[in-house]
Amino acid sequence: AGIVPGRDTAHYFEYDPNQPDIAWGAGDRLLFVAAIKPASGSSSTSLAGVYRWRATDGNFARVADTTQVAAEFPDVNEDANGNPSFEATFFVPGVSDAGLGVFGVHYTYIKTTGDGLDRFVLDQDAFFTSNGTSVTKIADSSTKKTGVVPDQPADAYFGLTYTTTTINGDGNALFQASYASSTSSGRGVFMVRSGNRYRVIDNRASASWPGLPVGAQFMPRSPATGYALAIGPKGHIALAGKISLNSSPLSAVILWDWDAATWTELTGAGGAAATALLSGVNDDGATLILSGGNPYLVTRSTRTQVNATLPTALQGASLGWLDAGGAINNYGRAVVQYANSGKAGLALWTGQKLLVVADAQLGTPEDLSTISTVVKPERDRPGRSGLLNDADELTFKGTLTDGTEVIYLGTGE
């Protein structure tokens, strides 16, 4: 008790060690999501929030909590003790090198209506930024605020938003949302930079996107999964979705390069379409894709199939390369995830060859039964957060055959 920033001395962190939503930033900043509990008998309610811990001095700071987020909704009712009737779940925090935090929120609250009857706003999503002092709502699915959707009519508003976000060191953050106006509707990916919103791409049929075929629509992978997002240290943007061009939509991964000012569709051997974005994107604009069932390390102009030559231990094995769980660093090394006879494995691409890091089928490390690691490209931020760092070290969680949970640190040699 007493160390929760922004709360009285009765509150304490109730942190779940299995909580996956953590992110490292510059200056030894670690962002984490936690539940906050009051001491027994307190009139305060339980809260949740995003907090920052600093490794250099152990200092805690509040990025945002439930009370601050609730204040962004002026019609929230309060209970008898003055606590807002607002419940929030926080997701996927990120932080820029200057300390700007971003995060998604799933929320439900009771509205003040003036007629004595409760009105509920249920299961909505929103996207926020915070500088550690003030919280700013960028988009949400319940208020239908107009004039906030870039490149749309003045009466356009964000509809359903999605809590998956990502950010680079410069503070450029991506989020995705549907939008609607009196004349149009759609879904797209948007960027927040210096407090301003920009359209990255959307699924309009009438738009023209540099580098993509004339008339092409870039659509979400599905209504439920949306787009996959990645933004690199130098601003390269990689998106996974589907391209529709006078036919059924086909899976695709596209890459934006600011110097070339164009989109490039990333492909495998023979120009085969990418079926998944496996990692973030590094400072050279390189990323991992899956195409034709094989992992490739690709840029706008280069392509390397990382599993073209298998390690001796995997030759002749029954392998399937997974559509998630990859990572890349800023020196072109990468990690890919696979299944060996149905059991999980991780391999490291050194730039010249593929090395087995962990394989439950092979018992590497000994007695390994399962592997779990980062599976979304949004979480793989080269040089910051992800399973592979710029020192060619990687980390993952595993379960041993006796049920013991372990965390491994591996180094490529």
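R62 counts as partly exposed, at 21% relative accessibility; partly exposed is the range between buried (under 20% relative accessible area) and exposed (over 50%), using a 1.4 Å probe and protein chains only. R62 forms a salt bridge with D65, with their closest N and O atoms 3.0 Å apart. A salt bridge here is a side-chain nitrogen of Lys or Arg within 4 Å of a carboxyl oxygen of Asp or Glu.

This is a predicted model, where local features need pLDDT of at least 70 and side-chain atom pairs count only at pLDDT 80 or more, while totals for chains, interfaces and linings use all residues. Residues are numbered from 1 along each chain as its sequence is written, and side-chain values use heavy atoms, leaving out hydrogens and water.

**Salt bridges**

- Side chains of opposite charge can pair when their charged atoms come close.
- By the rule above, the count comes to 11 salt bridges.
- R204 is partly exposed at 23% relative accessibility, whereas D202 is buried at 1%.
- Shared partners join R7, R62 and D65 into one network of salt bridges.

- R384 forms a salt bridge with D97, and the closest N and O atoms are 3.1 Å apart.
- The two residues are 287 residues apart, so to speak of where they sit: R384 is in the loop between β29 (368–372) and β30 (393–400), and D97 is in the loop between β6 (86–95) and β7 (101–111).

**Around N168**

- You can find N168 in the loop between β11 (166–167) and β12 (173–180).
- Is N168 buried or exposed? N168 is buried, with a relative accessible area of 2%.
- Setting aside neighbours within four places in sequence, N168 is in contact with S96, I231, G232, P233, G235 and R381. Contact means heavy atoms within 4.5 Å.
- A polar atom of the N168 side chain lies 3.0 Å from the backbone oxygen of G232.

Terms used:
Helix = DSSP H or I, 4+ residues; strand = E, 2+ residues; numbered from the N terminus. Polar contact = N/O pair within 3.5 Å; in protein donor to acceptor, adjacent residues only side chain to side chain.
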